[in-house]
Amino acid sequence: MGVLCCVSDFLKTIGDSFDNVNYMYCSLAFVSAEFLFDTYLIWRQRRIVKETESPTEDVKKLMDNDTYSKARWYSLEKINFGIIHDFYSYFETLAVSLLFITPFFWEFAGKSIEYLGYSHELIQSNVFLWQSSIIMAVIHLPWSLYRTFVIEERHGFNKMTLGFYFKDTLKKIVLSNVISSLIMTPLIYLIQWGGDYFFIYAWALVFTFTMAVFFIYMDFIAPMFDTYTPVPESPLKTAIEELASSINFPLTKLYIVDGSKRSNHSNAFFYGFFKNKRIVLFDTLLDETCNPLLGLDENGNKKQFPSGEEEEESEEKKKKKGCTQEEVVAVLGHELGHWYLGHVYKPLLINQAVILGMFYLFGVLVKNEQMLADFGFPHGSQPTLMSLTIIFQYMFGPINKVFSILSTQLTRRFEFQADAFAVGLGKGPLLQSSLVKMVADNLSFPLADNVYSAFTYSHPPLLERLAFIRDEIKKQA
């Protein structure tokens, strides 16, 4: 612990040298710099999308002109919307900080519980969490509605009705607030009770809570929003089980989730710890030739298909979407490569080390009473939740940004490694064709600015991945 004391003294010395600095202004300066940098990056990508009106020779080999045009306009619309939303979010942050909105709502939460005859920081903290969450949800509701029912609807992805959307949103708000209260209440208590080594107790709590949520999420939380149907005996199930067995992946359950009730976007993932692994396939990932649930109603009975005398389908519906059985297995070969290569646990260990370090730094910074005062709180007022909010959201901004960039680079590296693993399983060509189909089905724009993608794409752009897989096939031939 002597080393920690030395580090603490060193950081305190640095902090003392900034006694005359306004911490809020310094934080907002970084927020502004980050906003300008992110805007620069997105404008670079916007230029690529806007100026590349026709597909390049490489892209022509992957998608037709009609699909390319749709992907281009979809991407351009999302970028334009994102730029406007980012401007709003930036000025919202400035307004909340400069007008001292956070101290106002903290005081309002205190008066609210006093009116009910209570006076305790833990109760006030929970009231603040709930009221701020609800207010922010209402403020950002128009943005979410426009994104879902205008942009996503216009490009054929949204499948939700307004009633379904609001029901879904309400459940998310309630659930997120319940989870926030469950973790923040004991966390605040441990910070106040733990003394000089509270950061160890706080980290242990967060780690334990995170693991607990991982364990229960798919069994108790996810089914509140989607239906997870066990894959019946079928060629698809047999093929996936054979893949899992070939690499000793401890597959215990295989599900198909009805993602199509929300969106036409596709995905697949696995989850679970130790010898209890499960795979989830979005129904939008599977084409009509391999989806074992097609033709079944909600009770598992055969549906009556429309006769050929029905009115003809539109050209859009005639286009086949999704991947074949062999391509789905290739996608899972990539996903299980993440498990085989330890990509699940490496980021987890890194994240936990960063969280532990942040809690330690928090313990040093929280002793500076001037910090909260600069953000509009009365001198001498040190509510723990507000200290957590200000320090983690504002003061750790540079740390969060650097960590985000490094995480992006690490994830990109993992993606290439997982692609190489799938190639080693003999799935290279099928993985290539599945990637091309998923990009087309999701209307993902196939071209990316190098600088923009390096800082923001956790997955390498399509052309880079295809070239890498092609090279790996040659190496392993």
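Start by selecting Cys-26, which is partly exposed at 42% relative accessibility. Cys-323 is buried, at 1%. Here buried means under 20% relative accessible area, exposed over 50%, and partly exposed in between, with a 1.4 Å probe and protein chains only. The structure holds 0 disulfides, a disulfide being a pair of cysteine sulfur atoms within 2.5 Å.

This is a predicted model, in which local features need pLDDT of at least 70 and side-chain atom pairs count only at pLDDT 80 or more, while totals for chains, interfaces and linings use all residues. Residues are numbered from 1 along each chain as its sequence is written, and side-chain values use heavy atoms, with hydrogens and water left out.

**Salt bridges**

The whole structure has 17 salt bridges; each is a side-chain nitrogen of Lys or Arg within 4 Å of a carboxyl oxygen of Asp or Glu. Select Glu-34 and Lys-401, whose closest N and O atoms are 3.8 Å apart. Glu-34 is in helix α2 (residues 23-51) and Lys-401 in helix α15, so this pair ties together parts 367 residues apart in sequence. Glu-34 is partly exposed, at 26% relative accessibility. Helices (H or I, at least four residues) are DSSP runs, numbered from the N terminus.

Next, select Lys-60 and Glu-57, which form a salt bridge at 3.4 Å, N to O. They are 3 residues apart in helix α3 (residues 57-60), about one helical turn. Lys-60 is partly exposed at 45%, whereas Glu-57 is exposed at 55%.

Then go to Lys-70 and Asp-66, also joined by a salt bridge of 3.4 Å, N to O. These two are 4 residues apart in helix α4, again about one helical turn. An α-helix has 3.6 residues a turn, so residues three or four places apart point the same way. Lys-70 is partly exposed at 29%, and Asp-66 is partly exposed at 37%. For a network of salt bridges with shared partners, select Asp-168, Lys-172, Asp-226 and Arg-262.

**Helix α12**

Select residues 345-365. This helix, α12, has 21 residues and reaches 30 Å from its first C-alpha to its last, close to the 30 Å expected at 1.5 Å a residue. The expected span is 1.5 Å times one less than the number of residues. Its buried residues include Leu-348, Gln-352, Met-358 and Phe-359.

**Cavities and a pocket**

On a 1 Å grid over the protein atoms alone, a cavity is a set of points where a 1.4 Å probe fits but cannot get out; a pocket is an open set with protein on both sides within 12 Å along at least five of seven lines, and lining residues have an atom within 4 Å of a point. Grid points are joined across faces, edges and corners, and a volume is the space filled by probe spheres set on the points.

There are 2 cavities of 30 Å³ or more. The largest cavity holds about 50 Å³. To show its lining, select Val-96, Ser-97, Thr-102, Pro-103, Phe-375, Phe-377, Ile-390 and Tyr-394. Helices α4, α5 (101-115) and α14 (384-395) each supply at least two of the lining residues.

The second largest cavity holds about 30 Å³. Among the residues lining that cavity are Leu-365, Met-371, Gln-382 and Ile-391.

Last, turn to the second largest pocket, of about 1,200 Å³. Of its 39 lining residues, the closest to the centre are Ser-444, Ser-458, His-459, Pro-460 and Arg-465.
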